[in-house]
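Welcome! Take a look at it first, and then read on.

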Amino acid sequence: MSTTTPVLPGVTSEKLPGTAAGRVRKRLNTRAATVVSIIIAVLWTIPTFGLFVSSLRPEQDIKTTGWWTFFSSPAFTLENYNDVLFGRSASSGQLANYFVNSVVITIPSVLFPIAFAAMAAYALSWIKFRGRDWIYVGIFALQIVPLQMALVPLLSFFSRGVTLAGITLMPAWNLDDEQKFIQVWFAHTCFALPFAVFLLHNFVSQLPGELMEAARVDGASHAKIFRTIVLPLITPALASLTIFQFLWVWNDLLVALIFAGGGDETAPLTVRLAELAGTRGNEWQRLTSGAFVAIVIPLLVFLSLQRYFVRGLLTGSVKG
Amino acid sequence: MEFEDISPKLVMLLYGLVGFVVVVGGLLLLLDTVPAFFGRRRERRLVAIAAGDIPAPTRRPRKPREFGYALFFLFPVLVLLAIGLVVPAIRTTLLSFMNGDSSEFVGFDNYNWMFTNDDAVKVLLNSLLWVVLVPTVATSVGLIYAVLVDKARLEAVAKSLIFLPMAISFVGASIIWRFVYAYRSEEQDQIGLLNQIVVWFGGTPKQWLLDSPLNTLLLIVVMVWIQAGFAMVILSAAIKAIPADIVEAARLDGVTAWQMFWRVTMPSIRPALIVVIVAITVATMKIFDIVRTMTNGNYDTNVIALEMYNQSFRYQQTGQGSALAVFLFVLVIPIVIFQIRNLRKQREG
């Protein structure tokens, strides 16, 4: 191969079929390919686009004409957003409140599992002790336990505490209103750990062993190696995990429904939106703008950090 | 929105962040100081030994100290997993053999109910339809698209468009698609795209979400819409990883694009294909949000995960809900074992 000069792709494809008919077929192929891919791309984009356009139209227009008529008779307003975010009436959505809830739920639910998982991943990769592989396999296997398996008992763990043979080991937490955030954080942290440990272990265990050896010889403790060598080196992995966990928590409905309840003190955007869709399914001016409020943050995060997200995906995921 | 409404929430957030700093910072600090303390003590002792003040101790094995470190690093994860997953999973399994309020042992009654009650069987059949259709259709679309846009102009943009729904919550996606399926009576202008298309072609508009089994298929479309991007990204990376000389050799042999796809591309990306199908299957089994938001399980669209939620948290039938959860778990096990085997083979091969 070393003697052949690099061939341009265009040249090879022309040489390939040899005949004029072949060339025509080849061009048809690429043209058909382009058409099909454009069709798929349009099909995939149009629903979101229609929602976005609708959210900017006046209520009367949304309810009487299709969003595609916007382009022949454009009418533009931000009233829907104002109404759905800050409206006073109980039916308006009051999403600003729920938006704050989503933020309050998400930040600790992302920080805690990642910090704990990073520590565990280090121990499972670079501290030698008996039973290490078994613990790792156990954590890995927990990825498959569906959330549904844990919901009922975990909820009673919070609401009734733990009693064993009549002795109260832990009293009920008795959380109300805003304090319920704690149990949401707790639940999200637990459920995130198996995948987080798995993903970080993949990265941490592939760090060069000589590096750790050298640091040990220099007398660095495990804590020091973890802080000054491992953490900086796995920043990309931490970034992908952060995006994953952020999207997961922000978009979650099931955990929030059960552990946060439906009140406006703690329920996140997803719960409120699902409620609006159920009770006010025809108030499209609120649903369209509300849905867009809920998806705009993850979309921005996603678009700006897509690279890290894809890298995380490629490490292989079977999140439970 | 008043500030009084959000200030208690922000206070909670502050508590959460302080808690994070205290817990994680505290753990790291302990890790730093405790060994250093013992280290200093040992040093003093060594100095004393060197000076001949005390006799040299018999050498202790280093192993237990490493174990202590490991325990320290692993402590939060192990405790949380035990409280949050292991013990609850065991308890759910036990609850599945109890009656609705968990006061009496009922043997296999709940499982019997699951496979004989008409509504419950309908739920299982719907879930089966989901699990058959979503992985196959989503993977096919993702694969076709990945092949088509490979090395095309604007590839990155084209891929982002398909990938975007991955960032949208299932609830958001459900609202987007409910709007597509929206219905207005015949005399009115349609506001839903699907009905408008039907009208343009001379048909009469329909209430799409009311008729079974068509409504389940339309819900499945939403899941396909979300998952195709995931399939596309993984498969596209696999296609790019095919060694260039294999492709080149096939080209020199004069294969057509069709042959290239079936004889070169497909065998090379098989492992990735399996990973994708398995991951989508597992996600589909647990589908909950879409059905709840679109139809709330009415009109014969119910699925396992939603029925589990309803039984446990709406009807307080913890036994039946737990049985459904256990069934879900049992369904997932063989798939994931298969997946792990594959990953291992891939890594060795």
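Let's start with an annotation: an unreviewed UniProt entry lists residues 124-341 of chain B as "domain: ABC transmembrane type-1". UniProt positions are given here in the numbering of this structure, feature names are shortened, and annotations may be inferred rather than shown by experiment. The model is predicted, so local features need pLDDT of at least 70 and side-chain atom pairs count only at pLDDT 80 or more, while totals for chains, interfaces and linings use all residues. Residues are numbered from 1 along each chain as its sequence is written, and chains are lettered from A and ligands numbered from 1 in the order in which they are written.

**Chain B**

- The annotated span, residues 124-341 of chain B, is 73% helix and 0% strand, and its end C-alpha atoms lie 28 Å apart.
- Chain B as a whole has 13 helices and zero strands; helices (H or I, at least four residues) and strands (E, at least two) are DSSP runs, numbered from the N terminus.
- The radius of gyration of chain B is 29 Å, well over the 20 Å that the globule rule gives for 349 residues, so chain B is more spread out than a compact globule. This radius is taken over C-alpha atoms, and the rule is 2.2 Å times the number of residues to the power 0.38.
- Along its principal axes, the C-alpha trace of chain B spans about 105 × 70 × 55 Å.
- Of the 349 residues of chain B, 39% count as buried, meaning that 20 or more other C-beta atoms, placed from the backbone, lie within 10 Å of the residue's own.

**Chain A**

- Chain A holds 15 helices and two strands.
- Buried residues account for 45% of its 320 residues.

**Where the chains meet**

- In chain A, 93 residues are in contact with 92 residues of chain B; contact means C-beta atoms, placed from the backbone, within 7 Å.
- Helix H5 (residues 95-126) of chain A gives the most to the side of chain A that touches chain B, with 16 residues.

- Leaving aside residues up to four places away in sequence, A:Ala117 touches A:Leu193, A:Ala196, A:Val197, A:Leu200 and B:Val77.

Conventions:
Contact = placed C-beta atoms within 7 Å. Buried ≥ 20, exposed ≤ 12 C-beta atoms within 10 Å, placed from the backbone.
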